[in-house]
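Me: I have a structure open and would like to go through it with you, starting with how you use your terms.

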Amino acid sequence: MKVKVLYSTPINVAYFSAKTCYSKESPISLVENDTKSYEYKVNFLKKILSTGHHSTVEGVNFTLLIEGVSRSLMAQLTRHRIGVQFSIQSQRYVEYTDKNYKVYIPPAISKNQEAIQEYSRIQEECFSSYKKLLALGIAAEDARYVLPNATYTNITMTINLRALIHLMELRLCSRASLEIRQLMRIIKAEIVKIEPWLAEYLVPSCETHGFCAEHQCCGRKPKLEEVLEGYYKYKDLNK
């Protein structure tokens, strides 16, 4: 019995994990005798992923330091729980001040003069109430209940590659909210700097599957119903 701890790059973690499944050699031997190029490993992994053997990339983890996103986005992001871990700035232990309190402003509101005035007014009222409660001796964990969803927070997220691909499939879709789509684009850009070959996998689900399964389709790809209709017509014609 033998164990070796692998400290390695994402490409090597994915490669050796996948290669273990298809090689007569032991994983330790594969690592110790490795002479394969980056390009070879990328092509091998693309072949494996094309077969649907996605469990091989679950060992690849990315830790993302996310700064300045709304609590509303946080609620959406933390719905993803399989293969992902979150550490989130606490509103119980971190008190907001004039220096560190910020809110997200949706572009649809910022572009409307009347809307931005109303939005700013209510945000200021909420924060003013929060500060008054603190001044009255109310603990931050209780005062925080008056703060809006727009309040900025910070997140450290560790996610494995398989979960990240799924996250991108859902949250890069045009049906996802704008703020989380913006975050996904930034995350993708940072990860592609490290592993450029991942760009084609960090895409909305319609790019992965070739059809849209949403009820309200943006038209980028044909709807699932259209694809199935075409498939059954093809079958009927070739009976």
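Reply: Buried stands for a relative accessible area under 20%, exposed for over 50% and partly exposed for what lies in between, computed with a 1.4 Å probe on protein chains only. The model is predicted, so local features need pLDDT of at least 70 and side-chain atom pairs pLDDT 80 or more, whereas totals for chains, interfaces and linings use all residues. Residues are numbered from 1 along each chain as its sequence is written, and side-chain values use heavy atoms, with hydrogens and water left out.

Me: OK, Phe 127 then: buried or exposed?
Reply: Phe 127 is buried, because its relative accessible area is 9%. Its place is in helix α6, where helices (H or I, at least four residues) and strands (E, at least two) are DSSP runs numbered from the N terminus.

Me: What is Phe 127 in contact with, outside its sequence neighbours?
Reply: Once neighbours within four places in sequence are set aside, Phe 127 is in contact (heavy atoms within 4.5 Å) with Tyr 96, Thr 97, Asp 98 and Tyr 101. Asn 33 lies elsewhere: its C-alpha atom is separated from that of Phe 127 by 60 Å, the two residues being 94 apart along the chain.

Me: Where does Arg 92 lie, and what does its salt bridge tie together?
Reply: Arg 92 meets Glu 141 in a salt bridge at 3.2 Å, N to O. Arg 92 is in the loop between β2 (84-88) and α5 (107-110) and Glu 141 in helix α7 (residues 140-143), so this pair ties together parts 49 residues apart in sequence. Arg 92 has a relative accessible area of 36% and is partly exposed, as is Glu 141 with 30%.

Me: Switching topic, which residue caps the N-terminal end of α8?
Reply: Asn 160 caps that end, with a side-chain oxygen 3.0 Å from the backbone nitrogen of Arg 162. A polar atom of the Asn 160 side chain also lies 2.8 Å from the backbone nitrogen of Ala 163. Asn 160 sits in strand β3, counts as buried at 9% relative accessibility, and touches Glu 58, Val 60, Asn 61 and Gly 83, leaving out residues up to four places away in sequence.

Me: How many of the α8 residues are buried?
Reply: Eight of the 11 residues of α8 (161-171) are buried, so the helix is mostly covered. Among them are Leu 161, Leu 164, Ile 165 and Met 168, along with the charged Glu 169 and Arg 171. The buried residues pack against β1 (61-70), α4 (71-77), β3 (152-160), α9 (178-194) and α10 (205-209).

Me: Last one: at what angle do α1 and α3 pack?
Reply: Helix α1 (residues 10-22) and α3 pack at about 60 degrees, with their axes 10 Å apart; axes are lines fitted to C-alpha atoms over the stretch in contact, and angles run from 0 to 180 degrees between N-to-C directions. That makes α1 oblique to α3, because angles under 35 degrees count as roughly parallel, over 145 as roughly antiparallel, 65 to 115 as roughly perpendicular and the rest as oblique. The contact includes Ile 11, Tyr 15 and Phe 16 of α1 and Lys 41, Phe 44 and Leu 45 of α3.

Me: Lys 41 in there: buried or exposed?
Reply: Lys 41 counts as buried, at 5% relative accessibility. Apart from residues up to four places away in sequence, Lys 41 touches Ile 11, Asn 12, Tyr 15, Phe 16, Asp 34 and Lys 36.

Key:
Polar contact = N/O pair within 3.5 Å; in protein donor to acceptor, adjacent residues only side chain to side chain. Salt bridge = Lys/Arg side-chain N within 4 Å of Asp/Glu carboxyl O.
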